[in-house]
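This report goes through a sheet, the nonpolar cores and a set of salt bridges. The sequence and the structure come first.

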Amino acid sequence: MVETVSIRLTVNGAEVSKEVEPRQHLTDFLRNELGLTGSHIGCEHGVCGACSVRVDGRVVRGCLMLATQADGAAVETIEGIVESSEAADLAEAFIGRNALQCGFCTPGMMLTAAELLAEGKPLDRAGIRQELSGNICRCTGYQAIVDAVESVLVKKTGEV
Amino acid sequence: MKDSNRIIGASLPRPDARRLAAGRGTFTDDIILPRMVHMALVRSPYAHAMIKSIDTRKATKAEGVVRVITGEDLADICSPFIAGIEFLPNMISPPQYALAPTEAAWQGEAVCAILAESRALAEDAAQLVLVEWEELPAVVDPVAALKPDSPLVHSGLESNLVMTLPRAEGDTEAAFAEAAVVVEHSFEFGRQSGLALETRSVIADFEPAGRRLTVYQSHQTPYQMQDVYARHLGLDEHQVRVIVKDVGGAFGLKLHAYPDEMAAVAASVLLGRPVKYIADRQESFASDIHAREMTAAGRLAVNGEGNILGVEVDVLSAVGAYSVYPRTSVGEGIQAVQFTGAPYRLPAFKGRVRVVYQNKTPTGAYRAVGQPIGCVVIEQLLDLAAAELNLDQAEIRRRNNLGPADLPLKAAGGLEIEDVSLDACLTALLNKMDYEKLRRDQDEARRQGLCRGIGLATFVEQTAVGAGLYGPAGARISAQEGCSLRLEPSGLVRCATSATDQGQGTLTGIQQVVAETLGVKFDAVTTEDGDGGSTPYGGGSWASRGLSVGGEAARLAAIDLRRKILGAAAAISQETPDNLTLSGGEIFSDGKSLMALSELARIVHFRQDTLPSDVDCEMNVTRHFLPRKFPYFMANGIQASYLEVDLGTGAIKLLDHWVVEDCGLVVNPLLVDEQLRGGIVQGLGAVLYEHCLYDSSGQILTASLADYAVPLASEMPDIHVVHVENPTSGTGLGAKGAGEAGTLGAPAAVWCAVNDALRPLGAQVWKQPFTAAHIIEALRSANCPQEASELFEN
């Protein structure tokens, strides 16, 4: 039998203790062990960004981190940031601007955007595009996403 | 102007988006079934090899393994795919097996399946399968593949030629003899992947006692797949149900029957338990259909005014190891030829396509199938001719655009064009981009040493294809779409459509059509798709048909349901139906409110006892629609690109991009605009970045997202969208498709812009994608443009 390791962490604020295989990555852990299927697997080699989650306040690629490395960490997923209303404005902006089509990249895109918004720095469109360039979207062509993020950023920073 | 109360034409957000933005979508991999096992595959490491033996003993004993299956195990339960075309009897199509039993014809063809308790354990065991291979020579280069002494892609073939299809209309010889200017050029198009962010995914659940098969699949058409699974597994079609939940991008690549997905379904039949197969990204690059690999040589004859006299085009389309089932792999080459010059008056046309097999991943329909190639070829030739004549690029297009006097038309290239608005689109584009000013900016930039170019690309776009395409080919694919409406006892309406939605917003558009036609609020309707067992039978989603065809079926169903509702209302209120209207969910008699729809719904569902016995209380309607008046609805438009080429590094910077599109009636501008933008960015990916590279032995070199470049946010410009609305008379709704337009025209716009930038230097590009290396190569070979010398030879 494959050996397992005990981990304890918080996921979206709730405490979780699990036995995991050492080779299991964080996204597989969230999806398969906890049923949090909002984090998506697009490439499993750290390029596409669909698996983005927040670990101890920073957005990381869930596919490039082992579940065991999250032992003791605070993990937040798309389900968490939407439910806690932290990303409520962002979600409304995405929906209103049609900044998502198939919705597969959207959770990762929103986590990245939420991080950018949390920093609160004014950014122009080119700056927003730069910040979002670690997340691949195959449907929208990005413009609507930039519009959505920009609208929330402007509201937040009061600057254009 | 649009009435502000209208639902059709309003920019409404998608109700679906709320779920997806909250991470609450249900993609196929999110589904877990009891007793489900996971499949991993052993794939051929060679582009071409015989399978001498497969030793599965160690793998079978590995931890968590339930069963190991080879082609031999499936021989009796699963028949192979053969994708031919009935009216092309000379087309060669070798059988394709779920698991190749004796010979692998591309690197990545699956030969053995491991079913285990987890994907990880299945992958562990896959490494213990011992396959004894005998490597054979691989055929990679399409030109070499046609030589008589070429090795064969499959040992059973007599040649690698799939088929050849010539077309001639009018006297091209005379046209070229009398031309004031003749231009010619050859073009190369790199192989691409459609690349959906969600990889191909399937869960098959065969229940052996009742012999019922349920398949959850990330796919564009559950109806086609029900037919495929029933016929190839010997099951009764009405016992097979394919359910499509959320689909994470499709773009044509999820339109086909894939052998590995068939293997998963067949494995479920063998095991009598659910089997999940999720392709990983590397498998996707090696086994999702590829597209576009082609060379095209073209020649154009124009008179002194720049009017086209004749066009010749010769296409060699390389389609990989098999013709993809059931739609075949020849459409791309055929459409590349047909669409060369399609927007313009062509007195004479000569075309040929040759399709050739090679030991690479099979190719198939990807967004805009072949149309971008035809668009690039003619737009390049037009710009070359304009340069010879010292004519402006916009002017030469205006002189050749099809206009009302030419229509309707059976074009020389073979297409039927009912109604297009090319001049109106050109005018709208030039206004939007302020063409004259941009030309001045370009000149000014040039004086400052900046190399900038403007490119225009006119296109016609085949959408809403009717029964004439797949029917005569012998492919069992419906061209008809259906819609069922059901009035709930609360007065709300459920809509089930055969059109499927992968994020385009088709369901929202259909909801808008139903709500407005019926006379209820937008939110009073919900729309469902994707359950092949319970939605009306239809084609699904391909070639931009969701709203144009599915929307018309919805309109017809709403008209019928409205008639039923008003009939029952008339009986209840003892009025005549002609005096009644339904608006905003309320029934009116001569403008006076009679009752809420919810009240009528309650009565027809629960208080039939209060009604006379002849009152129709069946509040279910199903209608279908098949495009009949025209073989397809030809949308049209034009794109423009403004860009800068760095002559030192070869880098291209996109400065601006415009599209003017006429997709007929625009049901939801918000959604159509983003379809166009998303499509354009895929087209920009094609022309600038995306390339499936192989080495000379047929090994794929770009099997990760680190190696296969796709457009990112920072590289893309904002895109200006303008609509010209010219509703089709082929339906009451008037919508044409819009899904191909962006991907269709964007490459040609960039080709034209880059060549416009390089023309003063005597240089031009000739192969996409335009890597920095190719730009440098083009600059170094300036003043020696590639000639189309091999046109129609061999």
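## Terms and basis

A residue is called buried under 20% relative accessible area, exposed over 50%, and partly exposed in between (1.4 Å probe, protein chains only). The model is predicted: local features need pLDDT of at least 70, side-chain atom pairs count only at pLDDT 80 or more, and totals for chains, interfaces and linings use all residues. Residues are numbered from 1 along each chain as its sequence is written, chains are lettered from A and ligands numbered from 1 in the order in which they are written, and side-chain values use heavy atoms, with hydrogens and water left out.

## An open sheet in chain B

Helices (H or I, at least four residues) and strands (E, at least two) are DSSP runs, numbered from the N terminus. Strands pair if DSSP finds at least two bridges between them. In chain B, three strands form an open antiparallel sheet in the order β4-β2-β6. β4 (103–104) and β6 (130–135) of chain B each have a single partner strand, so one side of each is left without a neighbour in the sheet. Two antiparallel bridges connect β2 (residues 49–55) of chain B with β4(B); M50(B) has E103(B) as its bridge partner.

## Nonpolar cores

A nonpolar core is a set of buried Ala, Val, Leu, Ile, Met, Phe, Trp, Tyr and Cys residues joined through side-chain atoms within 4.5 Å. The largest has 153 residues, and L90(A), F94(A), L300(B), V754(B) and F770(B) have the most contacts inside it. Helix α20 (residues 741–758) of chain B supplies the largest share, eleven residues. A second, separate core has 50 residues, including I8(B) and L665(B).

## Salt bridges

A salt bridge is a side-chain nitrogen of Lys or Arg within 4 Å of a carboxyl oxygen of Asp or Glu. E184(B) lies in strand β8 (residues 181–189) and R299(B) in strand β15 (residues 294–302) of chain B, 115 residues apart. E184(B) is partly exposed at 24%, and R299(B) is partly exposed at 22%.

E332(B) and R292(B) form a salt bridge of 2.8 Å, N to O. Here E332(B) is buried at 7%, and R292(B) is buried at 3%. Within helix α7 (residues 222–233) of chain B, D227(B) and R231(B) are four residues apart, about one turn; their closest N and O atoms are 2.8 Å apart in a salt bridge. D227(B) is buried at 3%, whereas R231(B) is partly exposed at 37%.
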